[in-house]
Amino acid sequence: MPNDFDVECMRLALDEARVGAKSDDVPIGAVVVANGRVLASAHNQREATGDPTAHAEVLALRAAAEKLGTWRLEDCSLYVTLEPCTMCAGALVLARVERLVFGAWNAEMGAVGTLWDVVRDRRLNHQPEVLAGVLADECSASLREFFAAKRDSG
């Protein structure tokens with residue numbers, strides 16, 4: 001069950017997602033938090049940078065690691081508007097993120113229970129706590145609106 005802080009952080013991730021949509025990137029936002037303070041936030045930048053790895057989660061994890069001066073994000077939570085894909089799920093496991101909170105389920109690429117469950121795979125050396133479905137309707141609506149607008153303009 002999400003608490004008020006979880007909802008607040010997911011709203012920040014939604015704000016980031018909206019920024020990405022303005023530059024024609026799929027509206028996914030991510031926020032990394034430690035000890036009640038935001039360390040980093042990011043939105044998808046694949047279109048803006050031409051980088052296939054420029055997913056919101058990866059960019060936010062990189063920025064948080066740079067801010068902390070370590071790749072180990074052991075006391076951090078990652079908030080993201082969409083269930084991570086395999087790349088992002090792998091990245092957050094490798095970064096030792098303590099807690100993952102996401103909004104909408106990802107029927108096409110989800111790697112936190114939908115198609116795969118990378119973060120709970122006991123063969124890996126780390127399994128973060130997971131809280132799914134926080135502001136799921138708002139997160140899903142953001143994506144639906146973005147793709148509806150793309151279909152209408154294309």
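**Cysteines and rings**

Analyst: Happy to! This is a predicted model. Its disulfide count comes to zero.

User: How far is the sulfur of C9 from the closest cysteine sulfur?

Analyst: A disulfide needs two cysteine sulfur atoms within 2.5 Å. The closest cysteine sulfur to that of C9 belongs to C76, and it is too far for a bond. The distance is 12 Å.

User: And which cysteine has the sulfur nearest to that of C88?

Analyst: C88 is in no disulfide either. The nearest cysteine sulfur is 3.8 Å away, while the cut-off is 2.5 Å. That sulfur belongs to C85.

User: Is C88 buried or exposed?

Analyst: Buried means under 20% relative accessible area. C88 has a relative accessible area of 0%, so C88 counts as buried.

User: Now the rings: how many aromatic pairs does the structure hold?

Analyst: Let's go through them by name. F102 pairs with W105, and F146 pairs with F147. The number of aromatic pairs is two.

User: Why is the pair of F102 and W105 edge-to-face?

Analyst: The ring centres of F102 and W105 are 4.9 Å apart. Planes over 60 degrees apart count as edge-to-face. The planes of F102 and W105 stand at 90°, so this pair is edge-to-face.

Technical notes:
Residues are numbered from 1 along each chain as its sequence is written. This is a predicted model: local features need pLDDT of at least 70, side-chain atom pairs count only at pLDDT 80 or more; totals for chains, interfaces and linings use all residues. Side-chain values use heavy atoms; hydrogens and water are left out. Buried means under 20% relative accessible area, exposed over 50%, partly exposed in between (1.4 Å probe, protein chains only). Rings of Phe, Tyr and Trp (its six-membered ring) pair if their centres lie within 6.5 Å; planes under 30 degrees apart count as stacked, over 60 as edge-to-face and the rest as tilted.
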